[in-house]
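Please consult the sequence and structure below while reading it.

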Amino acid sequence: MKNVEKYYEKAFELYKTLHERAEVGFDLFETVQIVKKELSDLGIKYTEKYGKCSVVAEIGGGEKIVALRADMDALPIEENSGVPFSSKNKGAMHACGHDSHTAILLAVARYLKENEDRLKVKVRLIFQPSEECAVSGAKMLVDNGVMDGVSQIICTHCENEIDFGEIGVCAGDYMAACVPLKITFYGKSAHATLPERGIDAIAMANDAYIELKKFVKENFEKEDYIWSVGRFVGGTAHNVICDKCEMDISFRFYNLNFAKIVEENVKKICDSIAKKYGGKTEIFWEMSTGPVINDSEIIDKIKNIASKNSIKINEVQKRMSSEDFGWYLQKARGAIFRYGTKNDECGCNTVAHTSNFKIYPQGMKTAIAVFCDYVLSLGE
């Protein structure tokens, strides 16, 4: 891509502004105003019809629709990164780099609008809220039809484990689906000295903790999964038999059939335990995102574009973390690639979701170049 510096300079200014105004979840009112103003200044029409604090725009007039997605939300973290443009919104910080994703896509929008006559496809730009929260902004957009007519979709994510100026790719299974599972056991309270008059919810939950972990481990050794109990809470006082106990479990996987079998058996095991004690159980099971399975053809094309731009390619490993980009992939093939933002000299090497997280912004040039040349190559 020629003149990437020109588009990076604008992206960098937008990135700093977005970083200062970090907002969380679906409450992205300042962020959305920045995005809409930039699109309007570029003469690009947009709509907000796909859901709260979302912005979707289109460029070009081809028959095929290719979507590019950027997530816009920050995290509920107090910033301690030391950058001069730190968040001015108390308790909110772009600790995962979504501000850079948004700035990159706006820079790509500028380039594509200036080169609209060269486009062989229609490009749908999706600016999404709430990637970080339990309620997925991607699912909202998909449910409201944002993927209608889309043949493929790509997105990117910053990566402080890859040097700036490089990218990371992984074909096939890349990021896991996630079910934030909640199991609640209901018993009956009684005085601690009269346990026979109560039904101990903690005892039920404890049995379930052991039996569920044992079931998954013994039956699915060949599956890639995470079963992690992150919260186990019950009781109100030392001298009262607990009548309610909750477990929150992070269940991550790639195989949807495997997940269905696990779901069925979780219900059977918990119902059996509750019945044995004379209590009840309630299970909340809802997939927060599907797996991210990168289309190998699209990954090959991204690698080819990177090579033409003399960008070093890192073959990265699949991971058990999740990304709600998986919802889009339920509707069309696609891929996510990583762009490097690591610079040890500048201290840009901390992991995401921490208060001292910061990226080396010049890494955005790589993502801008890959996006723009990828779109222009379609239809050639």
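A nonpolar core is a set of buried Ala, Val, Leu, Ile, Met, Phe, Trp, Tyr and Cys residues joined through side-chain atoms within 4.5 Å. The model discussed here is predicted. Its largest nonpolar core has 70 residues, and helix α8 gives the most to this core, with ten residues. Helix α8 (residues 364–377) also packs against helix α1 (residues 4–20) and against helix α7 (residues 296–308).

**Nonpolar cores**

- In the largest nonpolar core, of 70 residues, those with the most contacts inside the core are L39, L68, L112, L125, F127 and I368.
- Leaving aside neighbours within four places in sequence, L39 is in contact with I44, Y46, V55, A57, L106, A109 and F127.
- In soluble globular proteins, nonpolar side chains tend to be buried together.

**Packing of α1 with α8**

- The axes of α1 and α8 are 10 Å apart, and the two helices pack at an angle of about 120 degrees.
- The two helices, α1 and α8, are therefore oblique to each other.
- The crossing in which α1 passes α8 is right-handed.
- On the α1 side, the contact involves V4, E5, Y7, Y8, A11, F12 and Y15, which meet M364, K365, I368 and A369 in α8.
- By class, the contact of α1 with α8 comprises nine nonpolar and two charged residues, with no polar residues.
- I368 of α8, which takes part in this contact, is also one of the residues with the most contacts inside the largest nonpolar core.

**Packing of α7 with α8**

- Helices α7 and α8 pack with their axes 9 Å apart, at an angle of about 115 degrees.
- That angle makes α7 roughly perpendicular to α8.
- The crossing in which α7 passes α8 is right-handed.
- From α7, the residues I298, K301, I302 and I305 make the contact, together with A369, V370, D373, Y374 and S377 of α8.
- The residues of the α7 contact with α8 divide into six nonpolar, one polar and two charged.

**Packing of α1 with α3**

- Helix α3 (residues 98–114) packs with α1 at an angle of about 145 degrees, and their axes are 8 Å apart.
- The crossing of α1 and α3 is right-handed.
- The α1 residues in this contact are K6, Y7, K10, A11, L14, Y15, L18 and H19.
- Their partners in α3 are D99, S100, T102, A103, L106, A107, R110, Y111 and E114.
- By class, the contact of α1 with α3 has nine nonpolar, three polar and five charged residues.

**Residues with positive phi**

- Most residues other than glycine have a negative phi, and most peptide bonds are trans.
- C53, although not a glycine, has a positive phi of about 55 degrees.
- C53 is found in the loop between β1 (46–47) and β2 (55–59) and is buried, with a relative accessible area of 10%.
- S130, a residue other than glycine, also has a positive phi, with a value near 50 degrees.
- S130 is in the loop between β4 (122–128) and α4 (137–143), and it counts as buried at 0% relative accessibility.

**Other buried loop residues**

- S87 is in the loop between β3 (65–71) and α3, and at 17% relative accessibility it counts as buried.
- Not counting residues up to four places away in sequence, S87 touches H19, E20, A22, E79, A92 and M93.
- The C-alpha atoms of S87 and L119 are separated by 37 Å, the two residues being 32 residues apart along the chain.
- V146 is in the loop between α4 and β5 (150–163), and at 0% relative accessibility it counts as buried.
- Not counting residues up to four places away in sequence, V146 touches Y50, V56, R124, I126, L141 and Y328.
- V146 and I126 are 20 residues apart along the chain, and their C-alpha atoms are separated by 8.2 Å.

How values were computed
Residues numbered from 1 in each chain as written. Predicted model: local features only at pLDDT ≥ 70, side-chain atom pairs only at ≥ 80, totals over all residues. Heavy atoms only, no water. Axes fitted to C-alpha atoms, helices over the stretch in contact; angles between N-to-C directions. Helix = DSSP H or I, 4+ residues; strand = E, 2+ residues; numbered from the N terminus. Parallel < 35°, antiparallel > 145°, perpendicular 65-115°, else oblique. Left-handed = near helix turned anticlockwise from the far one by under 90°. Contact = heavy atoms within 4.5 Å. Nonpolar A, V, L, I, M, F, W, Y, C, P; charged D, E, K, R; others polar. Buried < 20%, exposed > 50% of the residue type's maximum accessible area, 1.4 Å probe, protein only.
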